[in-house]
Amino acid sequence: MIKAYIFPDNVQNSGFSLKNTLFFRINTLSKNRLTWQNTMIIFICFHLRHAQVFMERGPQRIGSVYKKAMFREYTDASYTQLAPRPDWLGFLGPILRAEVDDVIIVHLKNFASRNYTMHPHGVFYEKNSEGAFYPDRTSGNLKQDDSVPPGGSYTYRWEVRQEFAPTDDDANCLTWVYHSHIDAPKDIASGLIGALLTCKKGTLKEGRERMNVSARTDVDQDVFLMFSVVDENLSWYLMDNIQKCLDPKEVNEDDPDFEESNLMHAINGFVFGNLPAIELCQHRAVAWHLFGMGNEVDIHSAFFHGNTLLDRGHRTDTLSLFPATFATAQMVPKAVGKWLLTCQVNDHLQAGMQAFYTVQSCDSETVSTATSGVVRNFYLAAEKVLWNYAPSGKDLTRNASLTETDRWVFFGRSHGRIGGKYWKVTYKEYTDSTFTNPKPKTPETGHLGILGKL
Ligand SMILES: [Cu+2]
């Protein structure tokens with residue numbers, strides 16, 4: 001568990017104001033106490049088959065509950081009371097926020113059963129605060145940060161120097177992470193990762209408020225989302241977790257189907273819409289902080305239903321993520337409702353990488369939504385068509401037959417092949433609501449092919 005304790009803001013050290021002093025503690029969550037749980041709520045029937053693969057406990061299947069290690073935060077140096085945190089953080093560690101010229105001091109205490117560390121991205125640190133274990137030929141004081149044993153403690157010092165600050169073209173606060181780095185893939189898969197924000201001066205509220213969700217002067221709240229296919233096969237606790245199978249002795253941990261069942265396509269460690277409520281206020285700016293983590297499969301298209309975002313001045317509704325890639329975007333929610341937030345990679349979507357966020361009206365005053373535009377009606381029918389992928393019957397790029405060697409794979413019709421024509425459904429435009437007269441195609445729209453009305 002992590003403890004956080006804020007020292008007085010006026011303490012100066014090496015030209016940096018000492019504003020963030022944090023007591024961290026790593027706990028392994030035991031079965032009977034704070035077991036991590038992805039409760040299965042199957043909210044759309046077509047998910048059933050997909051959900052079963054990952055969620056159902058069986059003779060050789062762990063199910064949806066895994067033992068993890070987590071960074072947890074406490075309110076003071078007595079390490080007795082957990083600091084409040086939003087439920088949607090899931091198994092992420094506490095949010096660390098600091099402004100330019102601040103120094104972050106983390107007192108890490110390891111309450112887990114193995115050696116762990118804390119290693120940050122996006123801040124300045126000396127060699128003794130890197131928190132990463134690798135053969136760097138250091139020893140003594142420069143090696144202690146590389147591995148904190150069970151029961152041991154270490155103090156990390158990280159600085160938000162000017163050279164590490166958000167630029168004028170960046171968002172007011174940049175999204176980074178910290179994680180354990182003895183064996184980073186295994187430590188992170190076990191659960192030891194959290195979010196770190198470095199902000200321009202004047203962006204953060206002072207003192208203890210800095211630890212809250214509403215910690216900023218420029219936006220209503222920060223929301224952090226980690227998109228990751230969490231590979232529980234890599235976790236240090238795999239053997240403990242296998243004990244949760246109904247017939248653990250029969251488990252073959254190299255069985256590809258068993259491995260597949262332990263790939264949790266999660267947002268902050270939750271799948272299939274189980275991420276606890278993210279509640280936003282209509283018309284109030286929100287900063288979204290997204291990051292990817294994991295493997296070659298962790299290529300994510302984070303798509304927001306209902307509202308759009310500004311990504312460095314450009315409007316979008318989708319943010320692209322790779323492993324250890326961080327995205328910061330601002331949203332001023334306009335549409336009230338409960339909205340889906342998903343990865344648009346088909347396989348990830350079907351495997352559960354889906355969450356909700358809610359926008360509600362928090363202010364009594366109404367904001368005018370009148371516009372000066374016109375109402376445009378479109379009459380679109382969904383119609384079945386036999387679509388031909390190559391109407392000319394030829395490979396026009398080489399002036400060759402479609403049934404020659406290379407192209408036969410796609411266009412041949414013998415040996416049980418379909419060929420190049422498929423039944424499809426397309427959007428077709430009509431002139432009015434009687435849906436009797438299709439709108440004629442024009443030379444300008446001919447290239448649209450199978451796409452619907454522009
Ligand atoms: Cu994805």
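Two strands pair if DSSP finds at least two bridges between them. Helices (H or I, at least four residues) and strands (E, at least two) are DSSP runs, numbered from the N terminus. The structure is a predicted model, in which local features need pLDDT of at least 70 and side-chain atom pairs count only at pLDDT 80 or more, while totals for chains, interfaces and linings use all residues. Residues are numbered from 1 along each chain as its sequence is written.

**Figure 1. Overview of the chain.** The chain contains six helices and 27 strands. Of its 454 residues, 37% are buried; a residue counts as buried if 20 or more other C-beta atoms lie within 10 Å of its own, as exposed if 12 or fewer do, and as partly exposed in between, with C-beta atoms placed from the backbone. Two residues are in contact if their C-beta atoms, placed from the backbone, lie within 7 Å. Among contacts between residues at least 6 apart in sequence, 72% join residues at least 24 apart.

**Figure 2. The open sheet E7-E12-E11-E9.** This open sheet has four strands in the order E7-E12-E11-E9, with mixed pairing. Strand E7 (96–99) and strand E9 (119–120) stand at the edges with a single partner strand each, so one side of each has no neighbour in the sheet. Two bridges hold E9 and strand E11 (residues 173–179) in an antiparallel pairing. Pro 120 has Tyr 178 of E11 as its bridge partner.

**Figure 3. Strand E16 and its two partners.** In strand E16 (residues 286–292), seven of seven residues are buried. One side of the strand carries Val 286, Trp 288, Leu 290 and Gly 292, the other Ala 287, His 289 and Phe 291, and both faces are covered. E16 runs parallel to strand E13 (residues 221–231), to which seven bridges join it; here Phe 224 stands opposite His 289. With strand E21 (residues 326–331), E16 forms six bridges in the antiparallel sense, and Trp 288 stands opposite Ala 329.

**Figure 4. The largest nonpolar core.** A nonpolar core is a set of buried Ala, Val, Leu, Ile, Met, Phe, Trp, Tyr and Cys residues joined through C-beta atoms within 7 Å. The largest such core has 84 residues, of which Ile 104, Leu 197, Met 226, Phe 227, Ile 267, Trp 288 and Leu 290 touch the most other members. E13 supplies the largest share of this core, seven residues. At least three core residues come from each of domain 1 (1–29 + 67–218) and domain 2 (221–230 + 245–363), the bounds being taken from an automatic or database domain assignment. Leaving aside residues up to four places away in sequence, the contacts of Phe 227 include Ile 267, Leu 290, Cys 343 and Met 353.

Figure 5. E14 pairs with E13 in the antiparallel sense over five bridges, and His 265 in E14 is the bridge partner of Val 229. Four of the five residues of E14 are buried. Asn 268 lies in the loop between strand E14 (263–267) and strand E15 (279–281). The phi of Asn 268 is near 55°, a positive value in a residue other than glycine. Asn 268 is buried because 23 other C-beta atoms lie within 10 Å.

**Figure 6. Phe 435 in the segment after strand E27.** Phe 435 is found in the segment that follows strand E27 (421–430). Its phi is positive, near 50°, in a residue other than glycine. Most residues other than glycine have a negative phi. Phe 435 is partly exposed, with 14 other C-beta atoms within 10 Å.
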